[in-house]
Amino acid sequence: MKFKNRLLLFSLIVLISIPSLKSQSLSRRSSWEAKISSPKAGLPGAKIVEVNSNSPLAKAGFLPNDIIIEVGDVLIKDEEVWSDVSYGLRADKPTKVKALRNADTVIAMVQFNPVEKEKHGGLDTFYEEITSTYGITQRTIITKPRKNGKQPAIVLIGGLSCSSIETYPGRKGNWVQTIKDLVEKSGMVVMRIEKPGVGDSEGDCGQSDFITDLEGYRAAIKSLKAKPYVDTSKIVVYGSSMGSALAPLLANEFELAGVISDGTFFKTWYEHMLEIERRILQFNGNTESQIVEKMNKYYIPLYYGMLIQKKTYQEVVNEYPALAEYNYHSAAHMYGRPVQYYQQLQDIDLAGQWEKVKVPVRILRGTHDWIMSSFDNKMIIEVLERNGHQDHLLHEYPGLDHWNTIHENPKNSFEGKEGKWDEGTINIIIGWAQEMVGL
């Protein structure tokens, strides 16, 4: 009997000592708390322009005009490395920072502060994590109204960029305001997912491909459906930009209650990129004859080589040196993501997912969105109607561009001119989500 009791005691001690399989492993992101200019003109080093007086960087002795050349023994050789290093700052351990001050070297260990987490009145905010089949642990943020019982939910799928989906204090912008309003005004549980290498997530967004992103979204939705406070029959997927094209795929796969697509496309990425290049040539004042010539000589071979023949930009340019003048992407990246991301995207049948959708569909498109074409959106409606779909709507919002901003014309958006915020767009999206779940 004594032996059995000792064995039981030993077993309990072992069980207690084993970390929980659901234990939190992600450390909190940090920021420089300074204004820093990224590497320019092909030269290494990031110049400190301003530094907050009470920031860890200032307390470690760094000053304006210092040029940061290494962070954690990583040479800041270009803007891409600087971006990766800045995304990778964490508050759980000191980081070695090396800078030049005139001809002298300044080296210090800096313990950065954690970025303050977001808070919302009347809502519980949960910072959680999921691990995809690729073994990458990613941050999820769930907001939940403070009431009992199972509640309807929205899962937000963002665009392709490495921008965070977090609305931490001090962060501004129309996309941030869109997320904030969705969270605070919808009256629903809202789940957001940080991509690999973004926010607190593990990984490297600049190297993460399309399939890796998709697996993270799948893991997140599985996690959301397992929450005891979520009504799994009332989960709506809201996709923005690239996420809008993924929305029907995820809705079909997880039997979700509705699809909201905001700024979407329908054709293959090859066709999509050629349309964008044609619009850019028009914005830049080319005649129609010049556009035809440049499309045939440069852009069709460039994107055919990359997306159909599965080459990097540099490989295509090496074969056709004349393309170099017209290629504004880096050797192996486009819009901050690796070429492989788009090669995988080219091969995935996203358009075919619209044919399978049975649940309600709502599509929002800005009339001044020069990234996504009006015809793509109308093609989706035609496909739905052809397949007998009964509950769908396309709303074209006057003046809206691809970045939740109102402009006088698409060219102003293309040129980066200042636009204005209009809360009517997110109010429409919230209304659609509430309608789909019966709120």
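For cavities I work on a 1 Å grid over the protein atoms alone: a cavity is a set of points where a 1.4 Å probe fits but cannot get out, and its lining residues have an atom within 4 Å of a point. Points are joined across faces, edges and corners, and a volume is the space filled by probe spheres set on them.

Ground rules: this is a predicted model, where local features need pLDDT of at least 70, side-chain atom pairs count only at pLDDT 80 or more, and totals for chains, interfaces and linings use all residues. Residues are numbered from 1 along each chain as its sequence is written, and side-chain values use heavy atoms, with hydrogens and water left out.

**Cavity.** I searched the whole structure and got 1 cavity of 30 Å³ or more. The largest cavity holds about 40 Å³ of space. Its lining includes G158, K195, D213 and Y341. Helix 5 (210–225) gives the most to that lining, with 3 residues; helix 6 (242–254) supplies at least two. Helices here are DSSP runs (H or I, at least four residues), and strands are E runs of at least two, numbered from the N terminus.

**Helix 14.** I then checked residues 424–437: the 14 residues reach 20 Å from first C-alpha to last, close to the 20 Å expected at 1.5 Å a residue (1.5 Å times one less than the number of residues). Buried (under 20% relative accessible area, 1.4 Å probe, protein chains only) residues in helix 14 include I429, W432 and M436. Among the elements covering the buried residues are helix 4 (174–185) and strand 11 (230–240), with contact meaning heavy atoms within 4.5 Å. After helix 14 comes G438, with a positive phi near 80°.

Key. 1 Å grid on protein atoms, 1.4 Å probe; cavity = no way out; pocket = protein on both sides within 12 Å on 5 of 7 lines; lining within 4 Å. Buried < 20%, exposed > 50% of the residue type's maximum accessible area, 1.4 Å probe, protein only.
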